[in-house]
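This briefing sets out selected features of the structure shown below.

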Amino acid sequence: MKTVHHWIGGKSVEGTSGHSGPVTDPATGAVTTRVDFASADEVDTAVAAARSAYATWGTSSLAQRTSVMFRFRALLDEHREEIAALITAEHGKVHSDALGEVARGLEIVDLACGITTQLKGELSTEVSSRVDVASIRQSLGVVAGITPFNFPAMVPMWMFPLAIACGNTFVLKPSEKDPSASVRLAELFAEAGLPDGVLNVVHGDKVAVDRLLEHPDVAAVSFVGSTPIARHIHRTATGHGKRVQALGGAKNHMLVLPDADLDAAADAAVSAAYGSAGERCMAISAVVAVGASGDALVAKIKERAERITIGPGTDPASEMGPLITKAHRDKVASYVSGAAAQGSEVVLDGTGFTVEGYEDGHWIGLSLLDKVPTDSDAYRDEIFGPVLVVLRAETYEEGLAIVNASPYGNGTAIFTRDGGAARRFQLEVEAGMVGVNVPIPVPVGYHSFGGWKDSLFGDHHVYGNDGVHFYTRGKVVTTRWPDPADAPAGVDLGFPSNR
Ligand code: NAD
């Protein structure tokens, strides 16, 4: 059986803790791989490698950094298919979806290739007599990234390319459920010429994560995962004096007004709710149907959902794959099984679904729940599976109030033909990313990604300008070169003022 090892100091390093975890092919349910789990000492070794590499990488020229980045970009482009296959084998998502994930990760590498312009400082000359002021940004040192299972390549690439282009060195702790893609990315980066120790990958569980959160040589932590863990990461790492961005879970709402093109809205709802089996932080998991749109919209969603082909991610005919683990599959199913008793109308029940020849896979079909009460578990919890809940509202205001009462505020969307209503929604909705007739408004690489409320703890979104700011700190340099002809200024105990 294959074993995934750590990547420390530019090479594969076998674990010594004696602990490892299983990696399962979700389509067959078979354990295909084991992954080493790092002890606190092994995490210390990775941080030490990153710290030692920072001594030279932190002072490397922008030209050197960007030339490595451009080579990494080319290698990534060449290896898209291979990385996507690794993702499908361990995560289960269909190959086209895995390729899409690699493409979105590549966008951030594109951004990192242009770091020369992102890091340009500002200079004001002659702010006072013969005094200039320059604002510059400098790297932090060793930074850590902790990432979730649902995007095993893209989410790490939200973090390390930009952090490294800014001059930091990096320790990544990817999800233990699908660890292979992150190691392959590190190998390709090394092949591109990245010096040893600049990017390190340690695998593991809470032991490894908690050591990173308290390690005195880790300057900043980027986290993406569920809300309870995001809260723990933010609290613990800020408690240890670190800069933290911790992105959490979501319950993304789509508000459909009665004037919307209901066919377009139904297409969008089905794609956004059931794509990647609903295991996306930007999945639409709640539709709020306003006024008369409700019955027709639910009928159109049902009709489309019934036509989706579910099967192994390796089969080109499959549109949706299995869930990540058997335990997660059972938890998702429990929300559907318990929905009627809590007041929902069950329009589609996917709990009995299986795939012939793959009976041990983590399968569940598409579920659709209508008229879902806001105090039911299916509405309150992030289900993270192919379960779409529909709520009804009489007016725009009532619909908006439902969206804004959610503790989450990651992404949201409005479907309407009314520009005025869409504009109001943009300004009034409490979420970090808003789509107007766009169901999954994931920002492009040069804008930043992040939610509000329980979907993000910290001040910075990831990538874009926010990413560059997160991975650098500001410094302002005030310079005076007196002219030899100037009279000596003399001693002046007054508060310095500009003249
Ligand atoms: P998770 O929170 O269980 O795990 C994320 C990471 O934290 C993993 O590396 C894991 O090993 C580590 N971890 C788990 N338990 C821990 C603990 N007790 N202490 C310390 N570390 C721990 O999340 P997941 O199940 O891998 O991913 C799915 C979740 O991630 C969903 O909630 C989803 O919404 C969220 N997500 C959010 C975004 C976003 O941008 N907001 C993006 C992707 C995923």
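A residue is called buried here when its relative accessible area is under 20%. By that criterion 6 of the 7 residues of strand 17 (residues 387-393) are buried, so this strand is largely enclosed by the rest of the structure. The model is a predicted one.

- Strand 14 and strand 17 run parallel and are joined by 5 bridges; Val 290 has Ala 393 of strand 17 as its bridge partner.
- Strand 16 (residues 367-370) also runs parallel to strand 17, through 3 bridges; here Leu 369 has Val 389 of strand 17 as its bridge partner.
- Strand 19 and strand 20 pair in the parallel sense over 4 bridges, with Val 434 in strand 20 as the bridge partner of Thr 412.

- An open sheet of 3 strands has the order 1-5-4, and its pairing is mixed.
- Strand 1 (2-4) and strand 4 (20-25) are the edge strands; each has a single partner strand, so one side of each lacks a neighbour in the sheet.
- Strand 4 pairs with strand 5 (residues 30-36) in the antiparallel sense over 6 bridges, and Val 35 in strand 5 is the bridge partner of Gly 21.
- Helix 3 (residues 80-91) lies across strand 1, strand 4 and strand 5, at about 100 degrees to strand 4.

**The ligand**

- There are 27 residues around the ligand, of which Thr 147, Glu 176, Ser 226, Gly 248 and Glu 382 come nearest.
- Glu 382 places a polar side-chain atom 2.6 Å from an oxygen atom of the ligand.
- In the side chain of Glu 176, an N or O atom is 2.7 Å from an oxygen atom of the ligand.
- Gly 225 contributes a polar backbone atom, 3.3 Å from an oxygen atom of the ligand.
- The ligand taken alone exposes 840 Å², and the protein buries 88% of that.

**Buried residues**

- Arg 280 sits in the loop between helix 10 (262-274) and strand 14 (284-290). Arg 280 is buried because its relative accessible area is 17%, under the 20% limit.
- The side chain of Arg 280 makes a polar contact of 2.9 Å with the side chain of Asp 97. Not counting residues up to four places away in sequence, Arg 280 also touches residues including Asn 150, Phe 151, Phe 384 and Ile 440.
- Asn 410 is located in the loop between strand 18 (408-409) and strand 19 (411-415), and counts as buried at 2% relative accessibility.
- Beyond four places in sequence, the residues touched by Asn 410 include Ala 250, Asn 252, Cys 281, Met 282, Gly 450 and Trp 452.
- Leu 456 lies in strand 22 (residues 456-457) and is buried, with a relative accessible area of 9%.
- Among the residues that Leu 456 touches, again leaving out those up to four places away in sequence, are Ala 246, Leu 247, Gly 248 and His 461. Gly 248 is also one of the residues that come nearest to the ligand.
- Leu 456 and Val 336 are 120 residues apart along the chain, and their C-alpha atoms are separated by 28 Å.

**A partly exposed residue**

- Ser 12, in strand 3 (residues 11-13), is partly exposed, with a relative accessible area of 44%.
- Apart from neighbours within four places in sequence, Ser 12 is in contact with His 5, His 6 and Trp 7.
- Ser 12 and Ala 220 are 208 residues apart in sequence and 24 Å apart in space, C-alpha to C-alpha.

Terms used. Residues numbered from 1 in each chain as written. Predicted model: local features only at pLDDT ≥ 70, side-chain atom pairs only at ≥ 80, totals over all residues. Heavy atoms only, no water. Pairing = 2+ DSSP bridges. Helix = DSSP H or I, 4+ residues; strand = E, 2+ residues; numbered from the N terminus. Contact = heavy atoms within 4.5 Å. Axes fitted to C-alpha atoms, helices over the stretch in contact; angles between N-to-C directions. Near = heavy atom within 4 Å. Polar contact = N/O pair within 3.5 Å; in protein donor to acceptor, adjacent residues only side chain to side chain. Areas by Shrake-Rupley, 256 points an atom, 1.4 Å probe, with all protein chains shown as cover. Buried < 20%, exposed > 50% of the residue type's maximum accessible area, 1.4 Å probe, protein only.
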